[in-house]
Amino acid sequence: MPLTILVVDDDLGTRLSVSDYLELSGYSVITANDGREALVMVDDYHPDLIVTDIVMPQMNGYELVRRVRQQPVFRLLPVILLTARTKTQERIMGYQSGCDLYLPKPFELEELAAAIRNLLERSQIIQSEYRFSHKENLGIPASTKTGDAHNSLSTQIQKSHLHSSLTHREQEVLELLTHGLSNADMGHQLHLSPRTVEKYVSSLLRKTSTSNRAELVRFAMKHGLVE
């Protein structure tokens, strides 16, 4: 399954541009308008990383990070703060609240994506080492762990991973495609440009190994990718 990123920003334009770029990069993205809503989504979805603005109504980014860090299960959750505030003292406040990276606005989406990849790779290494250490402490034989890993891998291979490889936005585009909507119509409903919609369609064609939209729709209906 794709890793899940929570994007928190009260500015709709920023929220959409960041989430769309990350979805095109292969991540599953969920969004929140403010820190209070984000806290609920953290508990409900257990994201792999948070990208959040600082200045927001209800609850700002500093308080959001502090509240997240109060929960033991999320103490190692990577967090990136995005803000137009660039004073040294404000950056210090960000790190003191528990963020991993402070990225000033305006920022390049490519730079944000690179930072996310770096933090996620580090986080996965840490979690892997923790699980291995935990099994060692429980005295689980190496052969058992190897067998479990092999069985787990076999199970994953046997699963239809195609559905889980689709991002939320790709799933939305695919659903609308089955209704015969044009790029412009889909863009209007999803608040995307026709060009961005076309990128999602191209990604769907690639992931399903289909050559055109009609074939894609037939494939999706045959394999239960749409309701």
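Helix α1, residues 12-24, lies across β1 and β2, and α1 runs at about 165 degrees to β2. Another helix, α3, packs on the sheet as well, touching β1, β3, β4 and β5. The direction of α3 makes about 170 degrees with that of β4, residues 79-83.

Before going on, a word on the model. This is a predicted model. The protein averages a pLDDT of 81, and 82% of the residues score at least 70. Two stretches fall under 50. One is residues 142-146, for which the model has four contacts beyond four places in sequence. The other is residues 149-160, where pLDDT also stays under 50 and the model has zero contacts beyond four places in sequence.

Now the sheet. In what order do the five strands come? The order is β2-β1-β3-β4-β5, in an open sheet with parallel pairing. The edge strands are β2 and β5, each of which pairs on one side only. On average, neighbouring strands of this sheet are turned by 20 degrees against each other, direction ignored.

Let me take β1, residues 4-8, in more detail. Toward β2, β1 is joined by five bridges, and the two strands run parallel. Within that pair, leucine 6 stands opposite isoleucine 30 in β2. Toward β3, β1 pairs in the parallel sense over four bridges. There, isoleucine 5 stands opposite leucine 49 in β3.

Why is β1 described as largely enclosed by the rest of the structure? Because five of the five residues of β1 are buried. In β1, both faces are covered. Thr4, Leu6 and Val8 are buried on one side, and Ile5 and Val7 are buried on the other.

Next, serine 28, which is in strand β2, residues 28-32. Is serine 28 buried or exposed? Its relative accessibility is 18%, so serine 28 counts as buried, the cut-off being under 20%. Not counting residues up to four places away in sequence, serine 28 touches Pro2, Leu3, Thr4 and Ile5.

On to strand β3, residues 49-53, where aspartate 53 is found. UniProt, in an unreviewed entry, places the feature "modified residue: 4-aspartylphosphate" at Asp53. That comes from the record. In the model, aspartate 53 has 6% relative accessibility and therefore counts as buried. Which residues does aspartate 53 contact, leaving aside its neighbours within four places in sequence? They are Val8, Asp9, Asp10, Gly61, Leu81, Leu82, Thr83 and Lys105.

A cis peptide bond joins lysine 105 and proline 106, with omega at about -5 degrees. Proline 106 sits in the loop between β5, residues 101-104, and α5, residues 109-138.

A few backbone angles remain. Glutamine 58 lies in the loop between β3 and α3, residues 61-69. Glutamine 58 is not a glycine, yet its phi is positive, about 70 degrees. With a relative accessible area of 53%, glutamine 58 is exposed.

Histidine 191 is found in the loop between α9, residues 183-190, and α10. Its phi is near 60 degrees, again a positive value in a residue other than glycine. Histidine 191 counts as exposed because its relative accessibility is 63%, and the cut-off for exposed is over 50%.

That brings us to helix α10, residues 194-208. How far does α10 reach from its first C-alpha to its last? The 15 residues of α10 reach 21 Å, close to the 21 Å expected at 1.5 Å a residue. The buried residues of α10 are Thr196, Val197, Tyr200, Val201, Ser203, Leu204, Leu205 and Thr208. After α10 comes serine 209, whose phi is positive, near 55 degrees.

To close, back to the sheet: five strands, open, with parallel pairing, and with β1 largely enclosed by the rest of the structure.

Notes
Residues numbered from 1 in each chain as written. Predicted model: local features only at pLDDT ≥ 70, side-chain atom pairs only at ≥ 80, totals over all residues. Heavy atoms only, no water. Buried < 20%, exposed > 50% of the residue type's maximum accessible area, 1.4 Å probe, protein only. Contact = heavy atoms within 4.5 Å. Expected span 1.5 Å × (residues − 1). pLDDT = per-residue confidence, 0-100. UniProt positions renumbered as here; feature names shortened; annotations may be inferred. Pairing = 2+ DSSP bridges. Axes fitted to C-alpha atoms, helices over the stretch in contact; angles between N-to-C directions.
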